[in-house]
Amino acid sequence: MLASEISIIGILVDPSRQPEGIEDWFQSNYPDVNLIGSSVPIEPHAPSGNTLIGVHGSADGNWGQPMSVFKDLDIAKSAKVEAWKFLSNENAESVDELRDYKEDIFIMVRLFAHQTDLGLGAFLDRVSPQIKEFYNKGVRHFEVHNEPNLHIEGMWQNWQNGKEFSDWFLAICRNLRNEYEGILLGYAGLSPGHAIPNVRYDPIAFHKEADAAVREADWIGAHCYWQSRSEMLGQNGGLSFQRLETYGKPILITEFSNPAETENTVKGLQYVDYYKELAKLGVHSAYAFVSNASSGFPNEIWDNTPIPAIVGDRHDK
């Protein structure tokens with residue numbers, strides 16, 4: 001091929017967010033470059049040796065409204081977050097709001113469905129339209145379901161053990177990968193703690209039984225909770241993910257908190273130290289539960305607490 005036949009192509013990622021007149025500037029300065037636009041932003045990834053500081057967004061999906069309608073965007077800014085977790089029933093316009101705050105923020109989405117929607121077809125019918133909205137915004141990391149070892153999340157109803165959940169997970173992955181090129185599907189974080197009859201299946205046993213799902217997942221979700229600083233640094237608390245086989249895949253702590261009636265200033269300082277500890281262990285990102293909730297999590301909500309500011313001041317500690 002002759003040099004004169006070589007075509008140089010420049011890609012404008014998400015043209016609507018580029019400076020006005022950018023095409024004219026290229027025409028004047030680089031007339032040989034053929035510009036094309038891509039409406040899908042390139043999703044950033046965690047820097048090597050760093051754990052992204054994340055928060056789990058509204059437990060109510062902000063009632064389908066953009067996050068700025070409530071206080072989630074203010075929380076993100078105050079805490080200087082590097083990552084954010086949405087439920088899939090949230091308004092995907094929130095992605096744009098986060099990127100206006102921080103262009104390279106990492107975003108993941110947990111696929112949200114009620115227990116009655118967990119049949120294969122019903123689940124896909126519910127979540128696929130939600131995925132599409134976030135996918136078209138450039139989001140690629142999706143957590144498939146939530147705490148499947150709990151009765152309220154399908155245990156003993158949709159599956160009897162980890163193996164049966166694994167079969168369901170594999171079928172979901174096949175369908176979603178066929179529909180969404182480049183989607184990265186996460187193994188759902190399990191409810192940690194001991195087995196409770198008719199409430200929680202033992203998470204370690206469940207994880208071992210679901211080995212095929214763990215191997216198939218692109219990344220591994222984990223949920224970690226504690227009620228004291230010593231538990232935060234122990235394998236039955238904040239570091240419980242270390243008890244799970246992950247096959248070297250990226251680990252995302254998709255939920256963590258201290259749900260005890262501990263003073264919020266103490267919790268905030270614990271969270272700063274927890275993020276730092278996870279960075280030593282090579283964890284991709286961690287999402288503190290929860291920015292806001294209408295009910296059910298009175299000791300974990302960040303809204304109207306000093307926690308976001310404490311986390312935002314982490315570099316001064």
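How many bridges join strand 5 (residues 106-110) to strand 6? Three bridges join them, and the two strands run parallel. This is a predicted model, in which local features need pLDDT of at least 70, side-chain atom pairs count only at pLDDT 80 or more, and totals for chains, interfaces and linings use all residues. Residues are numbered from 1 along each chain as its sequence is written, and side-chain values use heavy atoms, with hydrogens and water left out.

View 1. Strands (E, at least two residues) and helices (H or I, at least four) are DSSP runs, numbered from the N terminus. Two strands pair if DSSP finds at least two bridges between them.

**View 2. Strand 6 has buried side chains pointing both ways.** His141 and Glu143 point one way from the strand, Phe142 and Val144 point the other way, and all are buried. Buried means under 20% relative accessible area, exposed means over 50%, and partly exposed lies in between (1.4 Å probe, protein chains only). Phenylalanine 142 in strand 6 stands opposite valine 109.

View 3. Isoleucine 253 has alanine 286 in strand 10 as its bridge partner. Threonine 262 lies in the loop between strand 9 and helix 9.

**View 4. Aspartate 303 and lysine 71 meet in a salt bridge.** The N to O distance is 3.9 Å. A salt bridge is a side-chain nitrogen of Lys or Arg within 4 Å of a carboxyl oxygen of Asp or Glu. The pair links distant parts of the chain, 232 residues apart: aspartate 303 is in the loop between strand 10 and helix 10 (307-312), and lysine 71 is in the loop between strand 3 and helix 2. Aspartate 303 is partly exposed at 22% relative accessible area, and lysine 71 is partly exposed at 39%.

**View 5. Glu93, Asp96 and Lys137 are linked in a network of salt bridges.** The closest N and O atoms of glutamate 93 and lysine 137 are 3.4 Å apart. Glutamate 93 lies in helix 3 (residues 93-101) and lysine 137 in the loop between helix 4 (120-135) and strand 6, so this pair ties together parts that are 44 residues apart in sequence. Glutamate 93 counts as partly exposed at 40% relative accessibility, whereas lysine 137 counts as buried at 18%.

**View 6. Arginine 215 and aspartate 211 meet in a salt bridge.** The N to O distance is 2.6 Å. The two residues are separated by about one helical turn because they are four residues apart in helix 7 (residues 211-216). Arginine 215 counts as exposed at 51% relative accessibility, and aspartate 211 counts as partly exposed at 24%.
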